[in-house]
Amino acid sequence: MTTPTAPPVGLLTIDSPLGRIALQGDAQAVTRLEIATGGHLSTEGVPDAPTPVLRQAAAELAEYFSGRRTAFDVPVRVHGTPFQQAIWQQLREIPFGAVRGYGELGRATGRPTAGRAVGGAVGANPVPLLIPCHRVLASDARITGYSAGDGIPTKVWLLDHEGIAHR
């Protein structure tokens, strides 16, 4: 998804079991999702300016957190390198309750030995949850990190919510 875009014009802050979430985007797509870190968001003090797409994202996230949704339909638009785009596409294909390893993602994108690059692309995902980067674990089901929200505790909550075994 590399269509040209205008800067985000919308902001909607919602409450969730993970803490507050800031959704940013425009009339066509969500472009950023931030989970509060230590209770704080980078958009604090900025007034909400919701768009219909952001309201749709908020409704779908509420359904996900309540256990009534396993996939997201809201449009997202993310910008990154061709390698990041390839990894993010692979993340989109991981279904609810399933996981992939970093090596699997590397092989699927033609870079079987690029574990660190894969990890960097996963961590650079601008719309966690909507593109499910929390579903990536080490090959032995170990959590190796998470860059959204409060890090590993956030990832543990998401994996437990989806019934995904982890260490």
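Tutor: Strand 3 is mostly covered, with 5 of its 6 residues buried. Buried means under 20% relative accessible area, exposed means over 50%, and partly exposed lies in between, with a 1.4 Å probe and protein chains only. Strands are DSSP runs of E with at least two residues, helices are runs of H or I with at least four, and both are numbered from the N terminus. The model is predicted: local features need pLDDT of at least 70, side-chain atom pairs count only at pLDDT 80 or more, and totals for chains, interfaces and linings use all residues. Residues are numbered from 1 along each chain as its sequence is written, and side-chain values use heavy atoms, with hydrogens and water left out.

Now the pairing. Strand 3 pairs with strand 2 in the antiparallel sense, over 5 bridges. Two strands pair if DSSP finds at least two bridges between them. One of these bridges joins Ile 21 to Ile 35 in strand 3. Strand 2 and strand 3 form a hairpin, with 4 residues between them.

On to strand 1. Strand 1 also pairs with strand 2, residues 21-25, in the antiparallel sense and over 5 bridges. Gly 10 has Gly 25 of strand 2 as its bridge partner. Leu 12 is bridged to Leu 23, again in strand 2. Strand 1 and strand 2 form a hairpin too, with 6 residues between them. Gly 19 sits in that turn and has a positive phi of about 110 degrees. Strand 1 is mostly covered: 4 of its 5 residues are buried.

Put together, 3 strands make an open sheet in the order 1-2-3, with antiparallel pairing. Strand 1 (10-14) and strand 3 (30-35) are the edges; each has a single partner strand, so one side of each lacks a neighbour in the sheet. From one strand to the next, the twist averages 15 degrees. Axes here are lines fitted to C-alpha atoms, for helices over the stretch in contact, and angles run from 0 to 180 degrees between N-to-C directions.

What does the sheet pack into? The largest nonpolar core has 39 residues, and Leu 23, Val 30 and Leu 91 touch the most other members. Such a core is a set of buried Ala, Val, Leu, Ile, Met, Phe, Trp, Tyr and Cys residues joined through side-chain atoms within 4.5 Å. At least two residues of this core come from each of strand 1, strand 2, strand 3, helix 1 (52-65), helix 2 (82-92), helix 3 (102-108) and helix 4. Helix 1 gives the most, with 7 residues.

Leu 129 is in the loop between helix 4 (115-123) and strand 5 (136-137). Its phi is near 80 degrees, a positive value in a residue other than glycine. Leu 129 counts as buried, at 2% relative accessibility. Ala 141 is in the loop between strand 5 and helix 5 (152-161). Ala 141 is not a glycine either, yet has a positive phi of about 70 degrees. With a relative accessible area of 26%, Ala 141 is partly exposed.
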